Amino acid sequence: MRAIVFLTVFLTSLLLLSCNSEPTIQKYFVANLENKDFVVLDISPTILNLDKTKLSAEQKRALESFDKMNVLIFKLDENNQAQYEVESQKITQILKDESYQQLMKVGSGKDGATISFVGDEDNINEFVVFGKSKDNGFAVIRILGKDMNPNNIMTMLSVLKESKIDMAQLAPIKELIK
């Protein structure tokens, strides 16, 4: 009987320790889905409206590595300055976790952006772009895919130049910019 109790306690302890309660950008998105101060968008690769027959093999590979993009926007106004500071700090803290590797940082002080990734350099599962402005608010963009790498992202940027983006999917963003 003691062995069964010991085994049960041991297995329960392992289960509790293996659960990751650390905050992540994904958990942050989910937590703010219903928050009226945020706009959340999911954007699929179909937004690009590309003629795949005109893409090079490298461009096709890059496009196939991209699954979707999640966008979270906090629009700053005179009534939510304190919340902006709190929420911006939460994201900054999440991105300091060792699972997020910073690729680039631009700007300084209250305005700027960072690009981070999850995975290793040859097999990236997620890129995270966090940009903020003391005048407008902030945006967090999660670019999700399989076997992405920095070269794929650069290739995707060249593909974007050739795309005919479906602006209807971006209507919520256009409304925020006004």
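Biologist: Which elements do the buried residues of α4 pack against?
Modeller: This is a predicted model. Buried here means under 20% relative accessible area. In α4 the buried residues are Tyr-84, Glu-87, Ser-88, Ile-91, Ile-94 and Leu-95. They pack against α2 (25–31), β1 (38–43), β2 (66–75), β4 (111–120), β5 (123–133) and β6 (137–148).

Biologist: How many degrees around the axis do the buried residues of α4 cover?
Modeller: The buried set runs from Tyr-84 to Leu-95 and includes Ser-88 and Ile-91. These residues lie on the same side of α4, because their arc around the axis is only 120 degrees.

Biologist: How far does α4 reach from its first C-alpha to its last?
Modeller: Helix α4 covers residues 81–95, so 15 residues count, at an expected 1.5 Å a residue. The expected reach is 21 Å, and the model comes close to that. From first C-alpha to last, α4 reaches 21 Å.

Biologist: Is α3 roughly parallel or roughly perpendicular to α5?
Modeller: The axes of α3 (residues 57–65) and α5 (residues 150–162) come within 9 Å. In the contact, Arg-61 and Leu-63 are among the α3 residues, and Met-156 and Val-159 are among those of α5. The axes cross at roughly 105 degrees. That angle makes α3, relative to α5, roughly perpendicular.

Biologist: What share of the contacts with a separation of 6 or more comes from residues 24 or more positions apart?
Modeller: The chain has six helices and six strands. Of its 178 residues, 31% are buried. For contacts with a separation of 6 or more, the share from residues 24 or more positions apart is 61%.

Conventions: Residues are numbered from 1 along each chain as its sequence is written. This is a predicted model: local features need pLDDT of at least 70, side-chain atom pairs count only at pLDDT 80 or more; totals for chains, interfaces and linings use all residues. Side-chain values use heavy atoms; hydrogens and water are left out. Helices (H or I, at least four residues) and strands (E, at least two) are DSSP runs, numbered from the N terminus. Buried means under 20% relative accessible area, exposed over 50%, partly exposed in between (1.4 Å probe, protein chains only). The arc is that of the directions from the helix axis to the C-beta atoms. Contact means heavy atoms within 4.5 Å. Axes are lines fitted to C-alpha atoms, for helices over the stretch in contact, and angles run from 0 to 180 degrees between N-to-C directions. Angles under 35 degrees count as roughly parallel, over 145 as roughly antiparallel, 65 to 115 as roughly perpendicular and the rest as oblique.
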